[in-house]
Amino acid sequence: MTKTVERQPPAPAAVPPVPAPTPAAGRRRRRLADQARAYGFLLGGLICFALFSWYPAIRAVVIAFQKYTPGSPPEWAGTANFTRVLHDPEFAAAWRNTLTFTLLALIVGFAIPFVLALVLNELRHARAFFRVVVYLPVMIPPVVSALLWKWFYDPGTGLANETLRFLHLPTSNWSNGTDTALVSLVVVATWANMGGTVLIYLAALQSVPGELYEAAELDGANLLQRVRHVTVPQTRFVILMLMLLQIIATMQVFTEPFVITGGGPENATVTVLYLIYKYAFLYNDFGGACALSVLLLLLLGAFSALYLRLTRSEGDA
């Protein structure tokens with residue numbers, strides 16, 4: 001009788017042990033989880049920007065090359081909107097008024113905040129009170145501020161002319177005169193917006209080392225010489241940045257001419273942004289309004305690129 005030999009099953013192969021997670025891998029997973037959570041919180045803001053900022057901007061550029069009328073399908077018009085806008089007599093007046101407003105705002109509204117910041121920096125008593133007083137106009141809504149100044153400039157019963165009559169001085173048409181309307185709006189814009197500029201200048205002045213002023217005083221420098229040789233060189237970057245930001249802001253002036261003068265008298269205060277409003281909501285020409293917006297965007301984009309270049313250069317330095 002043959003004896004059968006039972007075959008033993010092969011021994012299972014040894015399973016290599018699973019390596020334990022290293023501390024670096026754990027940190028990497030936690031970092032990815034934190035980033036995913038952060039982007040999740042940012043998603044709502046990104047969606048809002050995409051819907052209410054980026055999409056309208058891109059849509060405006062597209063409409064600038066279309067014949068667009070609400071209620072009818074848009075038609076491709078090429079550069080016809082730009083040609084029509086460039087030949088509009090109001091176009092030249094609007095750009096001339098805007099550039100003049102910007103220049104006057106730099107002359108008036110650029111020096112006054114710097115001088116006020118110098119004065120506030122030298123105060124030893126009631127400094128906080130005067131800071132609040134200077135910043136108070138910024139807290140007033142722009143439309144309310146414009147309405148107050150409209151009453152102030154009223155040629156009949158306005159406070160400005162009533163004060164001049166009380167002092168037996170000749171009155172003025174202020175915002176109703178073709179020669180004085182734009183200057184009157186510059187005064188309004190300067191008063192309404194200088195508070196934030198003053199505080200920025202004040203912060204820059206307080207960062208100047210006091211040893212420099214002491215050395216200048218020992219050398220016999222007076223106040224104007226200290227400002228010229230110490231203050232201005234030490235704050236030149238802040239001055240330049242605020243100048244560029246002011247140019248960008250003043251070239252978009254709209255509230256003051258819209259509320260106070262309505263673009264008049266005789267188009268003396270029609271600005272580019274106000275002309276865009278007229279094209280869109282008075283002339284019902286959205287293609288022309290978007291064409292004007294693109295032209296303004298290109299100019300302001302150049303100043304914005306210069307601003308970013310200067311801030312990057314200062315940061316690298």
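The model is predicted. In total, 21 aromatic pairs are counted. Helices α3 and α10 pack with their axes 10 Å apart.

**Aromatic pairs**

- Phe-65 and Trp-76 form a stacked pair, with 6.0 Å centre to centre and 15° between the planes.
- This pair links distant parts of the chain, 11 residues apart: Phe-65 lies in the loop between α1 (23-63) and β1 (66-67), and Trp-76 lies in strand β2 (residues 75-76).
- Phe-65 has 27% relative accessibility and therefore counts as partly exposed, whereas Trp-76, at 65%, counts as exposed.
- The ring centres of Phe-114 and Tyr-201 are 5.2 Å apart and their planes stand at 85°, so the pair is edge-to-face.
- Phe-114 belongs to helix α3 (residues 89-122) and Tyr-201 to helix α7 (residues 181-206), so that distant parts of the chain, 87 residues apart, are linked.
- Both Phe-114 and Tyr-201 are buried.

**Aromatic cluster**

- One aromatic cluster is formed by Tyr-68, Phe-254, Phe-258, Tyr-274, Tyr-277, Phe-281 and Phe-286.

**Packing of α3 and α10**

- Helix α10 spans residues 236-250 and packs with α3 at an angle of about 140°.
- The two helices, α3 and α10, are therefore oblique to each other.
- The crossing of α3 past α10 is right-handed.
- On the α3 side, the contact is made by Phe-101, Thr-102, Ala-105, Leu-106, Gly-109, Phe-110 and Phe-114.
- On the α10 side, the contact is made by Ile-239, Leu-242, Met-243, Gln-246, Ile-247 and Thr-250.
- By class, the contact of α3 with α10 comprises nine nonpolar residues, four polar residues and no charged residues.

Definitions and conventions
Residues numbered from 1 in each chain as written. Predicted model: local features only at pLDDT ≥ 70, side-chain atom pairs only at ≥ 80, totals over all residues. Heavy atoms only, no water. Phe/Tyr/Trp six-rings, centres within 6.5 Å; stacked < 30°, edge-to-face > 60°. Helix = DSSP H or I, 4+ residues; strand = E, 2+ residues; numbered from the N terminus. Buried < 20%, exposed > 50% of the residue type's maximum accessible area, 1.4 Å probe, protein only. Axes fitted to C-alpha atoms, helices over the stretch in contact; angles between N-to-C directions. Parallel < 35°, antiparallel > 145°, perpendicular 65-115°, else oblique. Left-handed = near helix turned anticlockwise from the far one by under 90°. Contact = heavy atoms within 4.5 Å. Nonpolar A, V, L, I, M, F, W, Y, C, P; charged D, E, K, R; others polar.
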